[in-house]
Amino acid sequence: MDFYEDLREKSSILFPGVMVAILVAITAQFLADHYATPAMLLALLLGIALGFLGQEGKTVPGVAFAARSLLRLGIAFLGIRISMTLMSGLGAPLIALVIGAVILTIAFGLLIARFLGHKWRFAFLTAGSVAICGASAAMAISAILPRDERSEERLLFTVMGVTVLSTFAMIAYPILANALELSSLQAGVFIGAAIHDVAQVVGAGFSISEQTGDTATLVKLIRVALLAPIVLVASLLIRRYASQPEDGIRPPLLPGFVVGFLAFAALSSTGMVPPAITEFFSQLSRWFLLIAIAAVGMKTNLKQVLSVGGAAIALIIIETIFIGAVVLIGIYYLT
C-alpha cells in the first residue's frame, strides 16, 4: 500500500509540469503541420516563451522530469528504427563513407573548437549533433557530459543551431545536388549523410525523387545507429579522463538509455517485430523527444543562450560545412 501511496504522491507532484510540456509539444506539432516549420524548433521557442513555468511554481518538478527522464526514454525507443539487415543493402564502401564522415566530423569539431575559444564539452556536443542525428544526438550527448551551470544553455543553443541549419539544408541541398548533377544514389547519400535531423532528410530526399528519398533515409538511419556506440565510448572516456563535475556526480558507466537503444535496435534487427509495433515505438520516441525539448526550453535562460557569441555560431556552421564536404568528396571517388 505504501508503494502505491508513494507513486500517487510523486505523480501528483509531477503531473502539472509534465502536462504543460505535453501541451507545448502538441501545440508545436499542430503549428508544424500547418506552417511547414520543424516541430522541434517550435517546441523550443514555445518552451522558452513559457520559461517561468520551469523556474518557479508547481510545474517545476514535472518540467525537470520531462526534460530528463522522458528524454532518455525517447532516445531508447529511437533504436527501434534501426535494422542492420536493411542497412547492409547500401554496400560496404558507402557505409564506410558514412561512418568515416561521422568520426572525422567529431574529431574535426574537437580540433577546431580550440581555435575558436571553446572547450571540449561544447565541441563534442555540437560536433556530435552535426555528425550523428541533430537534436536527438545533442540531447543524448548532453546526458553523459559532466554538468555545470551552463549545461542546459549549451544544449538549447546546439538544438536550435542544428535545427535551423537542417531546415536551411533541406532547401539548399537538393538545389546543390541538381547543380552538381548527382545521380539519385549520389544525391541520396549526400542528403542522408550531410543533413542533421531525420525529418529534414526525408523532406529533402523525396523532393528530388523517391529513390533519392529512400537512399537518404537509409543513410540517415546508419548515422542514427552510430549514436549508441559513440555515446558509450565517450561515456567511458569521460569517466576515465574528465575532471570531476561540479555537482560531484559522474555520468554512469553504461547509460540506461544506451542499453535501451541497443536492445530495441537488436530486437528490430531480428525482423520479428511487426511494422505496427515499430511505427508505434518510433512515434512514441518522437513525441517523448518533442516533450523533452519543450521542457528543456522552459528550464533555460534565453539571455544566457544568446550570450554564447559568434564563435559558437561559427563552430556549428563550420562543422556542418565540413561533413558536407567530406561526403561529397567521398561520393566522387566511390560512385
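Tutor: Let's start with the word helix: here helices are DSSP runs (H or I, at least four residues), numbered from the N terminus, just as strands (E) need at least two. The model is predicted, so a local feature needs pLDDT of at least 70 and a side-chain atom pair needs 80 or more, while totals for chains, interfaces and linings use all residues. Residues are numbered from 1 along each chain as its sequence is written, and side-chain values use heavy atoms, with hydrogens and water left out.

Now for the pocket. On a 1 Å grid over the protein atoms alone, a pocket is an open set of points with protein on both sides within 12 Å along at least five of seven lines; in a cavity a 1.4 Å probe fits but cannot get out, and lining residues have an atom within 4 Å of a point. The largest pocket holds about 890 Å³ (a volume is the space filled by probe spheres set on points joined across faces, edges and corners). Two or more lining residues come from each of helix 1 (2-35), helix 2 (39-49), helix 7 (135-144), helix 8, helix 10, helix 11 and helix 14 (275-298). Helix 14 is the top contributor, with nine residues. Sorted by class, the lining has 18 nonpolar, ten polar and six charged residues (Ala, Val, Leu, Ile, Met, Phe, Trp, Tyr, Cys and Pro are nonpolar, Asp, Glu, Lys and Arg charged, and the others, including Gly, polar).

The axes of helix 10 (residues 198-208) and helix 11 (residues 210-225) come within 6 Å and cross at roughly 155 degrees (axes are lines fitted to C-alpha atoms, for helices over the stretch in contact, and angles run from 0 to 180 degrees between N-to-C directions). That makes helix 10 roughly antiparallel to helix 11 (over 145 degrees; under 35 is roughly parallel, 65 to 115 roughly perpendicular and the rest oblique). In contact here (heavy atoms within 4.5 Å) are Val198, Val201, Val202, Gly205, Phe206 and Ile208 of helix 10, with Glu210, Thr212, Gly213, Asp214, Ala216, Thr217, Lys220 and Val224 of helix 11. That contact has seven nonpolar, four polar and three charged residues.

Follow helix 7 next. Helix 3 (residues 60-77) packs on helix 7 at about 120 degrees, with the axes 10 Å apart, which makes helix 3 oblique to helix 7. Here Leu71, Arg72 and Ile75 of helix 3 touch Ser136, Met139, Ala140 and Ala143 of helix 7. By class, this contact counts five nonpolar residues, one polar and one charged.

A search of the whole structure finds one cavity of 30 Å³ or more, and the largest cavity has a volume of about 50 Å³. Around it sit Arg121, Leu125, Ser142, Leu145, Pro146, Ser151, Arg154 and Leu155. Helix 6 (120-131) and helix 8 (151-179) each give two or more of these, with helix 8 giving the most, three. The cavity lining splits into four nonpolar, two polar and two charged residues.

Helices 6 and 8 meet as well: their axes come within 10 Å and cross at roughly 30 degrees, so the two are roughly parallel. Arg121, Phe122, Leu125, Thr126, Ser129 and Val130 of helix 6 touch Arg154, Leu155, Phe157, Thr158 and Val162 of helix 8. Six of these contact residues are nonpolar, three polar and two charged.
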